[in-house]
Amino acid sequence: MHKFELDTPTLLIDFDKAERNIARMQEMADSAGVKLRPHTKTHKTPYLAHWQLRAGSRGITVAKLGEAEVMNAAGIDDILIAFPLQGAAKMERLLHLAERARLRVSLDSMKVAQDISDAAARRGFKIPFYVEVDPGLHRVGLPPREPTRDFVRQATKLPGIEFIGLLTHAGQAYAAKTLEEVAVVGKQEGALMVETAEMLRADGIAVREVSVGSTPTARFAAQVQGVTEIRPGTYVFYDTMQVHKFACGWDDCAQTVLLTVVAKHPDRLILDGGSKTLSSDRGPGGAATFGTVVGFAHLEIYALSEEHAHVRVTGNGPLPDIGAKVQVIPNHACAVMNLHERFVATRGDEVLGAFEIAARGKLQ
Ligand SMILES: Cc1ncc(COP(=O)(O)O)c(C=O)c1O
């Protein structure tokens, strides 16, 4: 079956491209001598996590306990939950999962450290943890160098957790305007972490892991001597944002949404998918553009209703008619996966079949 015979909206994943993206990132990690622990919040699909592991990834990263539970139920047992966990319900689930999987967590406060340690110590466990360092994103993470060292000195005294290393995510790379700027952020991300790790070692604290990485910075941070692990996620599909951050080309974008033209005006078209299908994530630099229409450079999605994409005609060229199908490369692949129950896999134009996005909606 040809992909354009599918009903719309349909989320499509081009397996040829995803496979190539997975292989290339793995090759890059291997040649830099670092482990790849992909962030699976992008695809939320155990089938694709297994692809990454088969290609050579060493464990996976998740943001949510619910994602970890889904991945573990699918047979994956080396999981980093890269999020500060809080609350009795999460402690209970964490310990339940720790009985089945080799878990590691990240944290940046004594409150989280103490709570996980208390829960683990009651069951006789020691949960491995990374300390998260703020590379300039100002989300979570302690300032590098002394503040991190002082925190680790305290946290290593707790009985139910075991310090294994430092972790960071230089999400500020998404504000970069040139490839050079991305490279600077990536190199600084690695260098700051290695410097902080050395400071800890000078203090007699063993640091096994120095874990870094976003999709745009991975190839730069991986080159920094002393980095042990990278955790890109979006690279599996890439998206409009990644093209603008120089991480890939348009032809690498494996995720598209198939939509139908349902209305046509001289200067505008309407497609049958809006914010519930493409997500409301804005374009590069916060631009009011909501994805890239494949093969129509003179079409721009300038607004979304819940179920409508509003498309402006910005230049000359043929326009698709009502009833025609078009593919849109979303701005942000990860947000889109969370909106859909399943995707349809293709190779080229040929449909392979539907796959459940088992961890979509697992927000707790
Ligand atoms: C802690 C952490 N690690 C890794 C990643 C993966 O980065 P990217 O989405 O750029 O692939 C993210 C993304 O949000 C993250 O928050």
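Okay, hi everyone. Some ground rules before we look around. Residues are numbered from 1 along each chain as its sequence is written, and side-chain values use heavy atoms, with hydrogens and water left out. Since the model is predicted, local features need pLDDT of at least 70 and side-chain atom pairs count only at pLDDT 80 or more, while totals for chains, interfaces and linings use all residues.

So, how is the protein divided? Where they touch, domain 1 brings 15 residues and domain 2 brings 18, with contact meaning heavy atoms within 4.5 Å.

Now, the interface. The size of an interface is often given as the accessible area lost when the parts come together. Here domain 1 and domain 2 bury about 1,300 Å² between them, and carbon and sulfur atoms give 52% of that. Buried area here is the accessible area, taken with a 1.4 Å probe, that two parts lose on being put together, summed over both. Which three residues supply more than any others of the area that domain 1 buries against domain 2? They're Asp252, Cys334 and Arg347, with 35%.

Side chains of opposite charge can pair when their charged atoms come close. We call it a salt bridge when a side-chain nitrogen of Lys or Arg is within 4 Å of a carboxyl oxygen of Asp or Glu. A search of the whole structure finds 31 of them, and across the interface of the two domains there are 6. Arg347 forms one with Asp16, where the closest N and O atoms are 2.6 Å apart.

What about β16 itself? It pairs with β17 in the antiparallel sense over 6 bridges, and two strands count as paired if DSSP finds at least two bridges between them. For example, Arg342 has Glu356 in β17 as its bridge partner. The hairpin has 2 residues between the strands, and Gly348 there takes a positive phi near 60 degrees.

Over to the open sheet. It has 8 strands in the order β2-β9-β8-β7-β6-β5-β4-β3, and the pairing is parallel. At the edges stand β2 (35-36) and β3 (60-62), each with a single partner strand, so one side of each has no neighbour in the sheet. Zooming in, β8 (residues 209-212) and β9 (residues 229-230) run parallel and are joined by 2 bridges. Val212 has Ile230 in β9 as its bridge partner.

Last stop, two backbone spots. The peptide bond from Thr8 to Pro9 is cis, with omega near -5 degrees, and Pro9 is in the segment before β1 (10-14). His138 has a positive phi, near 60 degrees, in a residue other than glycine. You'll find His138 in the loop between β6 (127-132) and α6 (146-155).

That's my tour, thanks!

Definitions and conventions: Helices (H or I, at least four residues) and strands (E, at least two) are DSSP runs, numbered from the N terminus.
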